[in-house]
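Biologist: I have not worked with this one before. Can you put it up and take me through it?

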Amino acid sequence: MHRFLSEEWIKAYAEEWNKNEKLESELKTFSASIKYYVDGMENQAVHLIVQNGEAKEAGKADSRNYDFELWASLDNWKKLATGDMGPKAAMLTKRLKFKGSMITAMKYMSAFEESLKMMGRVPTDWEIK
């Protein structure tokens, strides 16, 4: 079990990402830096660096400018990971907040949705201190 959005968790998530055939095939031309955090806890953010669809780096976020930032309440992250809330609905209702190119996000929407659903595959401890 990994504490949600901890450095260990994002590394386990990167491993899941790289095992996902849908992401591999749909993101061959996608490279980006992505920052994830719980609303109000940006100082504990983590990041994923993707190059041509492959997760190349995962760890604590730093002060760089990220291509995409995703944040939500802990409850909404949990709903996304467990499938209780869909990614499109979360974005449209602003339960999942997003910063970055909406055009790029729309181009890769199917893979983006898959990447959020995949969060549920990481053994997660949802108790955040």
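Biologist: Where does S115 sit?

Modeller: S115 is in helix α6 (helices are DSSP runs of H or I with at least four residues, strands runs of E with at least two, both numbered from the N terminus). This is a predicted model, in which local features need pLDDT of at least 70 and side-chain atom pairs pLDDT 80 or more, while totals for chains, interfaces and linings use all residues. Residues are numbered from 1 along each chain as its sequence is written, and side-chain values use heavy atoms, without hydrogens and water.

Biologist: Is S115 buried or exposed?

Modeller: S115 has a relative accessible area of 5%, so it is buried (under 20%; exposed is over 50% and partly exposed is in between, with a 1.4 Å probe and protein chains only).

Biologist: What does the side chain of S115 reach?

Modeller: The backbone oxygen of F112, at 2.7 Å. Leaving out residues up to four places away in sequence, S115 touches Y13, W17 and L23 (contact means heavy atoms within 4.5 Å).

Biologist: And α6, how many of its residues are buried?

Modeller: 7 of the 9, so α6 is mostly covered. The buried ones are M109, A111, F112, E113, E114, S115 and L116.

Biologist: You mentioned Y13 and W17. Where are those two?

Modeller: Both lie in helix α1, 4 residues apart, about one turn of the helix. In an α-helix there are 3.6 residues a turn, so residues three or four places apart point the same way. Y13 and W17 are both buried.

Biologist: What else is buried in α1?

Modeller: Besides Y13 and W17, the buried residues of α1 are W9, I10, A12, A14 and E16. Helix α1 covers residues 7–19 and spans 19 Å from its first C-alpha to its last. That is close to the 18 Å expected for its 13 residues (1.5 Å times one less than the number of residues).

Biologist: Changing topic: how many aromatic pairs are there?

Modeller: The structure holds 12 (Phe, Tyr and Trp rings, the six-membered one for Trp, with centres within 6.5 Å; planes under 30 degrees apart are stacked, over 60 edge-to-face, the rest tilted). One of them is Y13 with W17, edge-to-face at 6.1 Å centre to centre and 70° between the planes. In another, F98 and F112 have ring centres 6.5 Å apart and planes at 75°, so that pair is edge-to-face too.

Biologist: Which parts does the F98 and F112 pair tie together?

Modeller: F98 is in strand β6 and F112 in helix α6 (residues 109–117), so the pair links parts 14 residues apart in sequence. F98 is buried at 19% relative accessible area, and F112 at 13%.

Biologist: Which residues form the aromatic cluster?

Modeller: F4, W9, Y13, W17, Y36, W77 and W126 form one cluster.

Biologist: And in the largest nonpolar core, which residues touch the most other members?

Modeller: Y13, W17, Y36, L48, L70, W77 and L96, out of 42 residues in that core (buried Ala, Val, Leu, Ile, Met, Phe, Trp, Tyr and Cys joined through side-chain atoms within 4.5 Å). Helix α1 gives the largest share, 6 residues.

Biologist: On to β5. Why is it called largely enclosed?

Modeller: Because 5 of the 5 residues of β5, residues 68–72, are buried. Both faces are covered, with F68, L70 and A72 on one side and E69 and W71 on the other.

Biologist: Which strands are joined to β5?

Modeller: Strand β2 (residues 32–38) runs parallel to β5 and is joined to it by 5 bridges (two strands pair if DSSP finds at least two). Strand β6 (residues 96–99) runs antiparallel to β5, with 4 bridges. K35 stands opposite E69 in β5, while W71 stands opposite K97 in β6.

Biologist: Which face of β6 is covered?

Modeller: The one with L96 and F98; K97 and K99 are on the uncovered face.

Biologist: Last one, H47. Which side chains make polar contacts with it?

Modeller: The side chain of E57 at 2.8 Å and that of Y66 at 2.7 Å (a polar contact is a pair of N or O atoms within 3.5 Å; within protein, one must be able to donate a hydrogen and the other to accept it, and residues adjacent in sequence count only if both atoms are side-chain atoms). H47 lies in strand β3, residues 46–51, and is buried at 2% relative accessibility.
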